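Here is a short briefing to read alongside the model. Take a look at the chains first, and then we can walk through how they are built and how they meet.

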Amino acid sequence: MNTVILRTVAPFLTSLMIIFSIFVLLRGHNEPGGGFIGGLIAASSVAIYGIANGVAPVRRALYFHPIVIAAAGVLLATLSGVMSLFGNVPFLTGLWWFPETTGIPITLSTPLFFDIGVWLTVVGAISAIALALEEKEYD
Amino acid sequence: MEVALAILVGCFFALSIYLILSLHTIRILLGIAILTNAVNMSIFTAGRLTREVPPIVPDGSYVPLEATANPLPQALILTAIVISFSLFAFVLVLVYRAYQELGTDATTEMVEAEPPHEPATPRGY
Amino acid sequence: MATGPADKALVAQSMLNEAPALSDWLVVTPVIIPFVFAAIIVMQRQRVDRHGPIAIAGFVLLVLCNIGLVNAVRSDGVIVMAMSNWIPPFGISFTVDIVSALFALVASVIGLLTAIFADGDLDMRSRRYGFFAFLLLLVAGVSGAFLTGDVFNLYVWFEVLLIASFGLIVYGGGREQLDGAVRYAILNLLATTFFLIATGLLYGMTGTLNFADIARKVPELTAGAPTAAVASLFILAFAMKAAAFPLNFWLPASYHTPPAVVGALFAGLLTKVGVYALFRITSLVFPTPPAIIDTVVMAVAVATMVIGVLGALAQNDIRRVMGFLVVSGIGSMLLGIALGTTEALMGAIIYAVHSMIVMTALYLAVDLIQKATARFRLTELGGLYAVAPLLSTLFLVLAFAVSGLPPFSGLWPKIVLLRASLAVDAHWAAFAILLTGILTSITMGRVWALTFWRPRSEGAPEIDTAMLQDRRLMAPLIALVALTVGIGLFPAPLFELAGLGAAGLTDPSEYIRAVFDLAAHVGVAEQ
């Protein structure tokens with residue numbers, strides 16, 4: 001789809017959607033949101049960029065193959081469950097840290113990393129499907 | 001409410017089984033799609049219905065303050081929907097590929113894996 | 001809103017405050033290890049040559065962990081790990097008794113050997129497609145199904161292994177294979193959907209999903225509860241998965257179509273997951289089903305045994321002979337479940353272990369025959385004994401084992417099942433076991449005589465034994481045959497484990513107690 005409007009808007013739209021998806025991901029900690037829908041938003045931004053500029057630039061921009069991103073997500077999610085081994089609690093139990101850097105309190109926890117893993121998995125898997133479909137259609 | 005949903009679920013099951021008994025793969029797939037919806041609704045009904053009380057714990061409290069809708073069936077259905085949707089998508093593609101390769105969607109004509117004119121087994125050496 | 005201390009105490013009461021023992025972690029390793037290694041393999045997708053070694057390393061680790069798990073369960077009894085620290089029945093808990101641990105161990109051994117075989121067998125294209133990742137995912141699903149103590153979680157593991165098996169069965173994508181894959185996919189999708197219906201109704205009936213909690217609640221049900229309907233749905237779903245008559249037709253129609261190593265894996269593992277689920281359901285959920293269900297399962301078991309082997313006898317395609325023999329074996333295990341005594345269940349457990357090993361080996365052997373001769377029809381085969389004596393001997397051993405002849409692993413479960421059926425005066429079941437044994441011997445004797453012993457017919461193509469020199473292809477087969485011979489000659493350890501496991505199935509009080517002992521260790525309210 002080679003319309004000038006879409007090609008001009010797509011980079012802004014994509015970056016906005018990715019920022020929003022990260023916001024949804026982090027917000028999912030205590031409010032509605034989370035890795036799954038955040039990942040869907042990011043994957044649709046990838047799809048939009050692919051529609052506007054073709055699949056090859058998206059693959060270049062992603063650097064990693066989408067399936068590799070998904071696998072990294074699975075690995076991160078599994079390992080964040082295993083972290084509870086070191087906390088001496090059963091598998092998948094949430095562990096929390098409250099480090100403070102330059103006066104700003106940061107909350108880190110294994111559920112957060114699990115959610116990031118889910119985010120990566122959804123982004124990777126859905127982007128892989130979307131890009132494969134777009135390749136078929138527009139090449 | 002439960003009775004109405006139970007009747008609806010029954011209709012869905014009847015329709016889906018009718019479709020699954022068909023000879024054409026595409027109808028079987030439509031039947032499976034309806035079947036998964038019927039299952040989800042039957043789980044929802046089996047978890048008892050409560051109206052308009054979302055299971056949300058208010059800020060500062062540790063337990064919900066009144067009896068709420070049962071959240072567990074909703075979690076189960078959400079899981080089941082995601083899984084069955086992805087499997088359905090896979091089977092849809094598979095059946096489409098089979099249709100392209102075999103040139104038919106009639107199960108009676110899909111006989112590649114079990115060819116009908118296999119020679120008889122040898123009776124001796 | 002102010003936080004009431006009473007509320008906080010209420011929440012704390014649902015959490016554990018005791019650290020799990022380090023050995024408890026063995027309960028979740030059979031699931032964690034395959035997932036981690038599968039993810040690593042996919043992340044290395046460009047380095048295709050590394051996939052095989054990574055998968056094999058993962059399986060070696062898995063087998064070691066499972067050996068540790070079997071040991072831990074044997075010495076400490078049932079092990080429970082409450083995920084996320086939520087006590088049962090609020091959270092999902094993995095609950096492992098001897099049967100679970102034993103099945104998980106055998107499944108990981110099968111996984112290891114098929115991975116070695118696949119490493120020697122597959123070309124680069126199928127590796128790039130992610131064969132080894134799917135293989136690990138399949139074993140993760142199978143292990144999860146064996147180890148979980150929650151009926152909905154069991155459904156999720158069924159789906160995990162189903163997704164992995166879909167990925168494996170379509171690899172290649174020839175006409176024959178697509179046809180087989182459609183049958184496999186639709187039938188298994190339907191079976192898991194029936195399982196989900198039954199789970200939903202069971203939840204509506206008992207209000208819980210934890211197996212141990214269900215086992216406590218089911219006896220308290222009122223007379224109007226639809227127990228028989230739910231039990232029939234569960235049995236229908238798992239019988240479909242296990243390929244019991246009259247729901248067996250998909251198996252011989254699909255297992256021979258994908259690459260043989262996939263067929264070997266499926267024949268070894270997938271049907272046994274259905275059988276394992278039947279063990280669990282009959283032991284914990286419906287310990288005293290209505291009499292009609294017992295009769296039906298018994299009839300189905302006998303019909304599956306006899307019709308399976310008759311189907312095998314009629315086949316000309318040796319790959320499909322093996323498919324029907326898998327079905328026939330399922331009948332023997334169902335018979336153990338239908339008889340329901342401790343001895344019968346012990347026979348069924350031993351039979352399941354034997355069947356996992358022997359059926360995988362037979363599929364691998366058939367694949368080697370096909371590689372050497374490029375033929376798979378009895379009418380066209382012949383003369384293999386002259387050029388491949390080792391393969392001929394291995395196949396003969398497997399033929400003896402699957403027929404239940406001494407001194408191999410098939411003998412013991414048949415003897416136990418025979419004694420168990422005579423003990424409850426089920427003479428016709430005993431007759432069916434013996435009849436199946438004889439018919440299986442005839443089938444396998446014919447296959448062996450026609451494939452190996454018969455001289456090569458005039459004009460038949462040359463036999464290429466180059467593939468049979470490949471150690472990576474022969475070693476897994478030799479290892480499986482060695483296991484068969486080992487179990488046949490030294491059955492005592494397996495008998496001990498299966499006896500303990502069967503006792504745990506007929507009297508699940510230890511299983512239930514282990515789960516609810518955890519509930520005694522709840523936390524006190526934090527200050």
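Helices (H or I, at least four residues) and strands (E, at least two) are DSSP runs, numbered from the N terminus. With that in hand, chain A reads α-α-α-α-β-β-β-β-α from its N terminus on. This is a predicted model, in which local features need pLDDT of at least 70 and side-chain atom pairs count only at pLDDT 80 or more, while totals for chains, interfaces and linings use all residues. Residues are numbered from 1 along each chain as its sequence is written, and chains are lettered from A and ligands numbered from 1 in the order in which they are written.

**Chain A on its own**

- The secondary structure of chain A amounts to 5 helices and 4 strands.
- Its C-alpha trace spans about 55 × 30 × 25 Å along the principal axes.
- Chain A has 139 residues, and 40% of them count as buried (20 or more other C-beta atoms within 10 Å of a residue's own, with C-beta atoms placed from the backbone).
- Two residues are in contact if their C-beta atoms, placed from the backbone, lie within 7 Å. Among the contacts in chain A with a separation of 6 or more, 69% join residues 24 or more positions apart.

**How the chains meet**

- There are 2 pairs of chains in contact, and chains B and C share the most contacts.
- In that pairing, 43 residues of chain C are in contact with 39 residues of chain B. Helix 8 of chain C gives the largest share of the chain C side, 18 residues.
- That side of chain C divides into 25 nonpolar, 10 polar and 8 charged residues. Here Ala, Val, Leu, Ile, Met, Phe, Trp, Tyr, Cys and Pro count as nonpolar, Asp, Glu, Lys and Arg as charged, and the others, Gly among them, as polar.
- Chain A touches chain C through 16 residues, which are in contact with 18 residues of chain C. By class, this side of chain A has 12 nonpolar, 4 polar and no charged residues.
- Chain A and chain B have no contact, and their closest C-alpha atoms lie 11 Å apart.

**A helix pair inside chain C**

- The axes (lines fitted to C-alpha atoms over the stretch in contact) of helix 4 (residues 98-121) and helix 15 (residues 342-373) of chain C come within 10 Å and cross at roughly 5°, with angles running from 0 to 180 degrees between N-to-C directions.
- Helix 4 and helix 15 of chain C are therefore roughly parallel (an angle under 35 degrees).
- Residues that meet there include C:Phe103 and C:Ile110 in helix 4 of chain C, and C:Val353 and C:Met356 in helix 15 of chain C. The contact has 11 nonpolar, 2 polar and no charged residues.

How values were computed:
Parallel < 35°, antiparallel > 145°, perpendicular 65-115°, else oblique. Buried ≥ 20, exposed ≤ 12 C-beta atoms within 10 Å, placed from the backbone.
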